[in-house]
Amino acid sequence: MALAVTPLQHAELSCQFKATPKPDGQVLLQFKLSNNGKRDLHLLRWGSPFEGAWFGPFVQASTPQGELTFQGAMRKRGDPSAQDYLHLPAGESLSAELTLNDAFAVPPNGTLRLKARWHWHDMMLRGAPPRPRAQHRGLDQDCGEVTLDR
């Protein structure tokens with residue numbers, strides 16, 4: 001199992017990323033997002049692992065032969081609803097798990113380098129979601145990188 005912890009992208013938000021190869025060739029990805037601040041956060045989960053599925057390339061995967069092509073779904077979006085936001089209370093953490101093989105043709109063995117990063121399309125420190133797109137305040141999230149030798 002490999003673990004990456006990155007510097008904070010925002011004083012109140014941190015992320016951890018793990019990748020675990022399974023005997024059947026699958027690679028399990030685990031993300032832990034922590035609110036280290038004193039205020040609740042609302043994050044628009046679109047295109048992040050916290051959406052619950054691969055609706056964007058929030059992980060870059062490569063082998064020594066080159067980058068693997070993202071094969072997951074891409075969604076067109078209208079305006080967000082309140083349910084599209086992730087509520088992360090002050091001092092709390094949330095986790096998400098996905099399988100890398102659901103979005104990439106992962107070779108059965110060899111070195112695999114993974115970088116986890118995405119853009120929160122909106123992050124709210126005050127008020128209740130949703131809010132109009134013109135008022136969105138985004139934040140880049142770098143969750144680190146891991147190298148697996150399988």
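Leaving aside neighbours within four places in sequence, which residues is Thr 63 in contact with?

**Entry: Thr 63.** I am working from a predicted model. I looked up Thr 63 and found it in strand β5, which covers residues 59–63. With those sequence neighbours set aside, I noted contacts of Thr 63 with Leu 68, Pro 107, Thr 111 and Leu 112.

**Entry: disulfide.** I searched for disulfides next and got a count of one. I wrote down the two partners as Cys 15 and Cys 143, with an S to S distance of 1.8 Å. Where do the two cysteines lie? I placed Cys 15 in strand β2 (residues 13–21) and Cys 143 in strand β11 (residues 139–149), so the pair ties together parts 128 residues apart in sequence. I also looked up the handedness. The torsion about the S-S bond of Cys 15 and Cys 143 is about -75°, so I recorded a left-handed disulfide. Are Cys 15 and Cys 143 buried or exposed? I found that both are buried.

**Entry: largest pocket.** For the largest pocket I noted a volume of about 160 Å³. Its lining is made up of 13 residues, and those closest to the centre are Gly 47, Phe 55, Gly 56, Pro 57 and His 121. I sorted the lining of the largest pocket by class and got six nonpolar, four polar and three charged residues.

Key:
Residues numbered from 1 in each chain as written. Predicted model: local features only at pLDDT ≥ 70, side-chain atom pairs only at ≥ 80, totals over all residues. Heavy atoms only, no water. Disulfide = S-S within 2.5 Å. Helix = DSSP H or I, 4+ residues; strand = E, 2+ residues; numbered from the N terminus. Buried < 20%, exposed > 50% of the residue type's maximum accessible area, 1.4 Å probe, protein only. Contact = heavy atoms within 4.5 Å. 1 Å grid on protein atoms, 1.4 Å probe; cavity = no way out; pocket = protein on both sides within 12 Å on 5 of 7 lines; lining within 4 Å. Points joined across faces, edges and corners; volume = space filled by probe spheres on them. Nonpolar A, V, L, I, M, F, W, Y, C, P; charged D, E, K, R; others polar.
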